[in-house]
Amino acid sequence: MTNNALFYLTNNDMPVVSHANGIYIWDTQGHRYIDGCSGAITCNIGHNHPTVIQAMSEQLNKIAFSYRTQFESQVAIDLADQLVNITEGDLDKVFFVGSGSEAVESAIKLAVQYFVASSQPKRSKFVSLSPSYHGSTLGALGLTGYEPLEAPYRSISISSIKVPSPDLYRYKEANIEEHITTVLKQTENAILTAGADTIAGIVLEPVGGASTGGRMVTKRYMEGLRALCDRYGCLLIMDEVLSGMGRTGKWFAYQHFGIAPDILTLAKGLGSGYYPIAAMMARKELVDVVDLSGGFMHGHTYAGNPLACATGLAVIDVMNTEQLISNSSKQGTYLHQQLELLALKHNCIGDIRGIGLLQGLELVQNKITKEPYPPSFNAFEKITTLAKKRGLLIYPRRCLNGLAGDHVLITPPLTVTSEDIDEIISLLDESFTAFEQIK
Ligand code: PLP
């Protein structure tokens with residue numbers, strides 16, 4: 001197959017996809033792949049689920065698209081109710097969009113418009129973490145702490161104030177508690193240096209995704225950020241585009257830490273790969289202030305269309321019926337244990353981190369010194385290719401000079417069984433053995 005017209009294809013070795021079922025994808029040559037990363041950590045309920053296909057086809061037979069300023073739709077109302085229900089707190093307003101980046105843009109704009117409407121127009125700066133990933137549109141990119149993606153556009157995007165993300169693997173202090181105190185202090189100093197009355201919000205992924213390979217934070221860190229937002233009058237914005245919708249063994253990762261955000265973004269697992277749908281959720285009092293000032297000046301054509309919402313509803317139905325949140329927690333623990341055992345066999349696996357079925361491996365040249373591979377070695381690409389050749393898909397990320405080593409995410413669909421995990425581990429074992437033979 002020739003692919004001259006496709007902008008994003010970088011090589012011609014790419015297999016051509018044929019079909020999928022559950023955790024498996026087949027290419028047109030008949031090769032089977034275990035989807036060990038749910039595509040881009042997206043297909044949370046697995047591929048070709050009959051419940052979703054039926055719900056989508058029923059909705060298509062009624063109406064695919066209606067515009068949100070012309071009609072309400074029952075599926076949009078029901079999906080919003082479900083989301084309010086599963087966030088279990090004060091996030092009682094839902095704004096639908098089509099992608100994670102759009103959800104993050106919506107969060108930034110809602111925060112800024114809220115402060116304009118509350119007579120605090122100076123509050124327009126955001127604090128975010130480095131490393132981090134928040135999306136590819138200019139606003140979301142400005143929050144992103146990942147230089148290779150962000151640097152080419154710095155002249156036209158508005159960079160947030162970057163503060164270090166806690167690194168529970170490579171911290172320099174005597175212990176984790178001290179490290180958390182240091183990063184919280186750095187965050188507070190950044191707020192004070194910029195002027196506390198200019199900060200609109202702190203934005204973070206509660207459990208790191210693509211940019212950090214599943215980096216974890218601690219409860220005290222999350223409580224510390226919540227306290228900083230409360231002390232300085234800015235908003236806590238959780239980007240759960242990747243970590244949300246059951247990926248970590250709870251509906252949302254922030255629910256592990258006993259604190260609540262003011263604004264939440266979610267995406268990937270909501271449509272689970274069946275249709276693009278994402279959402280921004282916010283506390284009612286924020287939205288009320290914005291509504292009084294004339295309404296939220298933002299929106300996208302496809303946002304909240306009936307087909308998207310019917311898909312999201314069917315995905316949540318499957319999550320509940322098949323108890324995928326508890327499976328994510330149970331199989332995530334099993335996967336983590338098996339990865340720990342794998343690391344005992346392979347010196348190149350430096351760190352294993354994550355929660356639920358969001359697990360990451362950081363690759364190192366030397367386990368004792370934690371020295372990463374040089375960027376030119378492209379360790380992330382090599383291990384991903386070796387795994388793919390053996391029929392296993394994993395999600396790679398290049399190292400960040402001085403900030404982190406190369407890493408890969410192991411994030412299978414939440415339907416995964418222990419037997420599936422055993423197969424994933426065995427294929428990873430073979431792949432790492434081959435990786436360690438490369439000189
Ligand atoms: N935020 C996070 C945490 C993400 O992981 C991503 C995508 O990977 C995005 C935002 C952007 O989402 P999208 O690619 O759907 O625009």
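Helices, taken here as DSSP runs of at least four residues, are numbered from the N terminus, and that numbering is used for the elements named below. The model described is a predicted one.

**Surroundings of the ligand**

Helix H4, which spans residues 100-117, supplies the largest share of the shell around the ligand, namely three residues. The ligand has 15 residues around it, and those that come nearest are Gly-100, Ser-101, Gly-135, Val-241 and Leu-242. When the shell is divided by class, seven of its residues are polar, six are nonpolar and two are charged.

**Two helix pairs**

Two packed helices are described by the angle between their axes and the distance between the axes. For helix H2 (residues 50-62) and helix H11 (residues 306-321), the axes come within 9 Å and cross at roughly 155 degrees. Because angles over 145 degrees count as roughly antiparallel, H2 is roughly antiparallel to H11. The crossing in which H2 passes H11 is right-handed. On the H2 side the contact involves Thr-51, Val-52, Ala-55, Met-56, Gln-59 and Leu-60, and these meet a set of H11 residues that includes Pro-306, Leu-307, Ala-310, Leu-313 and Val-318. The residues of this contact of H2 with H11 comprise 11 nonpolar, three polar and one charged.

Helices H13 and H14 pack with their axes 9 Å apart, at an angle of about 130 degrees, and the two are therefore oblique to each other. H13 also passes H14 in a right-handed crossing. Here Lys-382, Ile-383, Leu-386 and Ala-387 of H13 meet Leu-427, Leu-428, Ser-431, Ala-434 and Phe-435 of H14. By class, the contact of H13 with H14 has seven nonpolar residues, one polar residue and one charged residue.

**Backbone details and individual residues**

The peptide bond that joins Ser-130 and Pro-131 is cis, with omega at about 0 degrees. Pro-131 belongs to the loop between strand S5 (125-130) and helix H5 (138-143).

Positive phi values occur at two residues that are not glycine, Ile-41, where phi is near 55 degrees, and Lys-370, where phi is about 65 degrees. Ile-41 lies in helix H1 (residues 38-41), whereas Lys-370 is placed in the loop between strand S12 (358-363) and helix H13 (379-389).

| Residue | C-beta neighbours within 10 Å | Class |
|---|---|---|
| Ile-41 | 21 neighbours | buried |
| Lys-370 | 14 neighbours | partly exposed |
| Gly-258 | 10 neighbours | exposed |

Asp-420 lies in helix H14 (residues 418-437) and, when residues up to four places away in sequence are not counted, touches Ile-23 and Pro-412. Asp-420 and Gly-39 are 381 residues apart in sequence, and their C-alpha atoms are 16 Å apart in space.

Gly-258 is found in the loop between strand S8 (235-240) and strand S9 (263-266). From Gly-258 to Ser-157 the separation is 101 residues in sequence and 34 Å in space, C-alpha to C-alpha.

Note on methods
Residues numbered from 1 in each chain as written. Predicted model: local features only at pLDDT ≥ 70, side-chain atom pairs only at ≥ 80, totals over all residues. Axes fitted to C-alpha atoms, helices over the stretch in contact; angles between N-to-C directions. Parallel < 35°, antiparallel > 145°, perpendicular 65-115°, else oblique. Left-handed = near helix turned anticlockwise from the far one by under 90°. Contact = placed C-beta atoms within 7 Å. Nonpolar A, V, L, I, M, F, W, Y, C, P; charged D, E, K, R; others polar. Near = placed C-beta within 6 Å. Buried ≥ 20, exposed ≤ 12 C-beta atoms within 10 Å, placed from the backbone.
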